[in-house]
Amino acid sequence: MTMHLKLRVWRQPGPTAAGRFVAYDAPDLSADMSFLEMLDVVNERLIEQGEAPIAFDHDCREGICGSCGLMINGVAHGPMRGTATCQLHLRSFRDGQEVVIEPWRAKAFPVVRDLVVDRSGLDRIIAAGGYISARTGGVPDANAVLVAKDDADSAMDAAACIGCGACVAACPNASASLFAAAKIAHLGLLPQGQPERAKRVLRMVSQMDMEAFGNCTNIGECQEACPKLISIDVIARMNRDFLRASLLGREERVGSSGEG
Amino acid sequence: MELRARTPAGPLAEKWDRHRFEMKLVNPANKRRYKVLVVGSGLAGASAAASLAELGYQVSCFCFQDSPRRAHSIAAQGGINAAKNYQNDGDSIWRLFYDTIKGGDFRAREANVYRLAQISVDIIDQCVAQGVPFAREYSGYLANRSFGGAQVSRTFYARGQTGQQLLLGAYQALCKEIARGTVLMYPRTEMLDLILIDGRCRGMVTRNLVTGEVAAHVADAVVLATGGYGNVFYLSTNARGSNVTATFRAWKRGAAFGNPCFTQIHPTCIPVSGDYQSKLTLMSESLRNDGRVWVPKRAGDTRPPHEIPEAERDYYLERKYPSFGNLSPRDIASRAAKEACDDGRGVGPGGRGVYLDFADAITRLGRQTIEERYGNLFEMYQRITDEDPYRVPMRIYPAVHYTMGGLWVDYDLMSTIPGLHVLGEANFSDHGANRLGASALMQGLADGYFIIPVTIGDYLATAKLDKVSADHPEVRGALEGVARKTKRLLSIGGSRTVDSFHRELGALMWDKCGMARTAHGLGEALRRIPEIRAEFWENVTVPGSDAELNQALEKANRVADFLEFAELMCRDALHREESCGGHFREEHQTPDGEAKRDDERFAYVAAWEYAGEGAEPVLHREPLVFENVQLAQRSYK
């Protein structure tokens with residue numbers, strides 16, 4: 001059974017160029033195609049006609065690398081809950097449906113081209129403190145550190161973040177709180193993460209503010225858009241950690257840089 | 001070209017220790033004078049870049065993705081092996097070493113594999129210290145599961161996302177160094193050539209994928225950790241961007257390529273559903289812990305699975321390999337699936353599929369346990385196929401997954417070009433002709449965290465490296481070469497897309513150089529590949545310019561390399577007149593259809609040297625000497 005979609009796609013030749021929606025007719029599709037395979041087909045046709053294909057980020061196509069991310073009819077990653085764009089299939093759409101495709105929209109994510117945006121702000125948030133400073137070597141036996149199963153499971157729930165940026169794109173404030181809080185929760189739930197816990201939250205929150213991300217006002221769109229269904233409970237946890245660390249107030253608030 | 005493996009003397013268990021003692025060290029204060037370029041930010045690249053920076057070297061790290069966290073190691077599902085013997089089930093460093101050598105069908109170097117098994121235990125310690133949320137028992141201790149090719153439980157895992165968690169651990173360690181200013185990170189940047197001066201690798205040429213800027217980077221050493229070349233088949237479980245370009249261009253600069261024909265076909269992937277398909281999705285091998293593989297006994301049986309009674313099902317892995325059963329190694333399980341489908345007993349559309357059935361496990365353990373173990377994999381399967389694997393058995397089929405072949409390296413992980421080191425899947429070293437499950441993550445991290453930080457010091461301390469100026473003729477020459485190639489790709493203006501060539505090449509390779517190979521088929525491929533390549537250079541169309549984000553141009557560059565590299569693979573497969581591991585030559589099999597090695601003639605690493613445009617590559621042989629294990633026909637019966 002073939003399908004037909006009417007696309008309206010954001011085209012923007014470069015970061016400073018003006019962008020606009022362009023309509024494309026996409027006939028002869030299959031319901032079993034993934035959304036990105038549909039874009040592949042459209043691009044093949046564009047190239048054959050000598051036109052520039054639609055630029056979009058993608059890589060693993062199995063929902064784990066976090067490269068892909070499109071606003072589909074105004075919803076980050078499209079209509080299927082808990083699913084990254086690459087794992088969305090055309091069976092989630094009606095034959096003949098109009099589909100509007102846009103890049104992530106956020107001041108902190110400038111458009112590079114068409115549907116490709118610059119998400120390096122997320123890397124800088126991690127570089128500000130989203131780690132445990134364990135140098136290679138000189139660490140104890142893995143079973144010398146016990147972790148209660150519930151804590152390990154909760155840490156894993158938070159660590160499942162793929163860094164796609166859907167939370168930012170879905171948030172009316174373009175806040176990166178869910179992203180930052182997920183890492184803070186992952187590391188803060190583990191005994192290994194305790195020594196740097198206060199420093200981590202202060203630095204990461206500070207970096208988030210230095211980037212052009214907005215603040216969290218508990219709207220909850222982020223958890224709805226998250227392809228890994230990370231809960232906003234982690235944000236409450238981050239706020240608690242932040243408050244405690246601020247009251248103890250021993251850590252300077254510094255940012256980070258280092259992109260080459 | 002001389003292949004000097006530099007394997008240390010002495011008893012197997014003491015080689016690495018002794019070697020570490022004998023190597024020259026770089027004084028801590030001098031390390032900052034050395035600059036090292038690391039290409040790739042997967043498990044091997046990120047762990048190497050972070051560890052080298054911690055030691056004090058100046059490091060630059062490059063990846064083509066928009067963030068180093070997206071390298072394809074992230075997609076590894078099942079787990080990582082380590083000889084911890086936490087289960088008290090008889091594991092040891094020796095057993096992991098032996099399983100890996102045997103699993104690789106005796107085509108890997110003993111000393112390298114033994115070192116890998118030794119280091120495996122340190123990796124788990126390191127990852128736990130970084131906060132990798134491995135699965136735990138209720139006691140708080142680490143949990144383990146079993147994987148193919150082993151009869152002990154030594155695989156550590158983080159749900160079905162082990163690669164993701166290990167990579168994020170390495171990525172975070174890398175970010176820590178980026179923040180300290182000790183690593184300069186270059187995302188969306190691709191390596192397109194090496195710079196050789198006085199026979200040593202002294203840098204490379206890159207293209208910035210956003211601006212198109214082509215730049216030279218000079219350094220004291222280069223580390224390639226650029227992954228495998230499975231995408232030569234077009235369809236594989238690799239990420240779409242995974243490519244051979246870095247290693248292939250290093251080959252053209254004089255690095256020998258080891259065993260290019262050794263590719264791994266993973267038995268449990270979701271079958272192909274249409275010709276628009278862009279990639280194949282793996283279903284973790286860990287599923288074979290509880291899933292049972294079967295096909296109908298009768299050819300052409302089209303009844304739905306629940307209507308096929310027990311007596312009319314063939315659980316062929318359990319039948320043929322009773323002691324390993326559904327956990328037989330990957331090459332064996334893949335071939336068995338192909339055989340069943342070739343017999344007309346395959347299931348699903350097109351008949352290229354077998355069942356992986358969890359009904360017994362769900363009855364025995366309950367749905368909740370299965371959900372805990374494999375929940376995310378079941379969801380992924382359902383999203384892709386629209387079928388519920390809790391109710392209907394999964395349909396799976398083998399797909400290209402990993403490449404054991406890669407640039408030849410010595411014991412220090414240095415290629416035949418001095419100063420060029422190669423880590424992880426990009427090198428040929430540890431897995432022989434077949435890799436066991438959960439061993440890729442182990443090797444990537446062993447190379448990056450624990451081997452290269454030591455061995456590169458010995459190179460830097462002993463090589464006499466003069467300062468290289470940025471306008472050295474070799475630097476200018478490499479820059480010009482890259483620019484010329486890009487211009488040429490953009491100027492062809494033909495009528496076929498890059499992808500159409502890639503698909504054509506992939507179909508040919510899968511057919512002639514895939515799960516079963518023959519001299520006849522490989523000969524045909526060797527005739528056909530130059531024809532496809534010639535048409536590519538006459539009739540491909542690459543829109544846009546070189547001064548912008550141009551994804552079609554990126555692909556064209558990579559596919560152009562695949563079109564040459566495919567020939568090297570087929571040549572290697574044709575010359576290896578034996579079957580071993582993932583390399584199955586139909587002419588060489590036992591009466592019951594198992595791979596038949598020829599140790600007399602082929603117990604060596606085939607290392608191919610580039611001999612110039614249009615010339616046949618030159619074969620060099622590194623004999624494999626087994627002093628500690630007895631070569632035997634691999635049996636999993």
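Which residues does B:Q165 touch, not counting residues up to four places away in sequence? In this predicted model, the contacts of B:Q165 include residues of chain A, namely A:M156, A:A159, A:A160 and A:H186, together with B:V132, B:P133 and B:A158 of chain B. B:Q165 belongs to helix α5 of chain B, which covers residues 162–180. With a relative accessible area of 2%, B:Q165 is below the 20% limit and therefore counts as buried. The C-alpha atom of B:Q165 is separated by 38 Å from that of B:P623, a residue 458 positions away along the chain.

Eight helices and seven strands were assigned to chain A. Along the principal axes, the C-alpha atoms of chain A fill a box of roughly 60 × 40 × 35 Å. Chain A has 260 residues, and 60% of them count as buried. The accessible surface of chain A amounts to about 10,100 Å², with 50% of this area belonging to carbon and sulfur atoms. Among the contacts in chain A between residues at least 6 apart in sequence, 70% join residues at least 24 apart.

Five strands of chain A form an open sheet in the order β2-β1-β5-β3-β4, with mixed pairing. Its edge strands are β2 (20–30) and β4 of chain A, each of which pairs on one side only. Within this sheet, strand β1 of chain A (residues 2–11) runs parallel to β5(A), and the two are joined by four bridges. A:K6 has A:E98 in β5(A) as its bridge partner. Helix α1 of chain A, residues 35–48, packs on the sheet and touches β1, β2, β3 (71–72) and β5 of chain A. The direction of helix α1 makes about 105 degrees with that of β2(A).

The loop between β4 (75–76) and β5 (98–102) of chain A contains A:H77. The phi angle of A:H77 is positive, at about 65 degrees, although the residue is not a glycine. A:H77 has a relative accessible area of 0% and is buried. B:N259 is placed in the loop between β10 and β11 (263–269) of chain B, and its relative accessible area of 2% makes it buried.

In chain B, an open sheet of four strands has the order β16-β10-β18-β19, and its pairing is antiparallel. Strands β16 (406–407) and β19 (618–623) of chain B stand at the edges; each has a single partner strand, so one side of each is left without a neighbour in the sheet. Strand β18 of chain B, residues 604–609, is joined to β19(B) by six bridges, with the two strands running antiparallel. The bridge partner of B:E609 in β19(B) is B:V618. Helix α15 of chain B (residues 551–575) lies across β10 (257–258), β18 and β19 of chain B, and runs at about 145 degrees to β18(B).

Strand β12 of chain B was examined next. Four of the five residues of β12(B), which covers residues 292–296, are buried, so the strand is largely enclosed by the rest of the structure. β12(B) pairs in the antiparallel sense with strand β14 of chain B (residues 354–357) over three bridges. B:W294 has B:Y355 as its bridge partner in β14(B). β12(B) also pairs with strand β13 of chain B (residues 313–314), in the antiparallel sense and over two bridges. In β13(B), B:D314 stands opposite B:V295.

At 5% relative accessibility, B:A219 falls under the 20% limit and so counts as buried. Leaving out residues up to four places away in sequence, B:A219 touches B:K35, B:L37, B:R202 and B:G203. The C-alpha atoms of B:A219 and B:L465 are 9.8 Å apart in space, while the two residues are 246 residues apart in sequence.

Notes. Residues numbered from 1 in each chain as written. Chains lettered and ligands numbered in written order. Predicted model: local features only at pLDDT ≥ 70, side-chain atom pairs only at ≥ 80, totals over all residues. Heavy atoms only, no water. Buried < 20%, exposed > 50% of the residue type's maximum accessible area, 1.4 Å probe, protein only. Contact = heavy atoms within 4.5 Å. Areas by Shrake-Rupley, 256 points an atom, 1.4 Å probe, with all protein chains shown as cover. Pairing = 2+ DSSP bridges. Axes fitted to C-alpha atoms, helices over the stretch in contact; angles between N-to-C directions.
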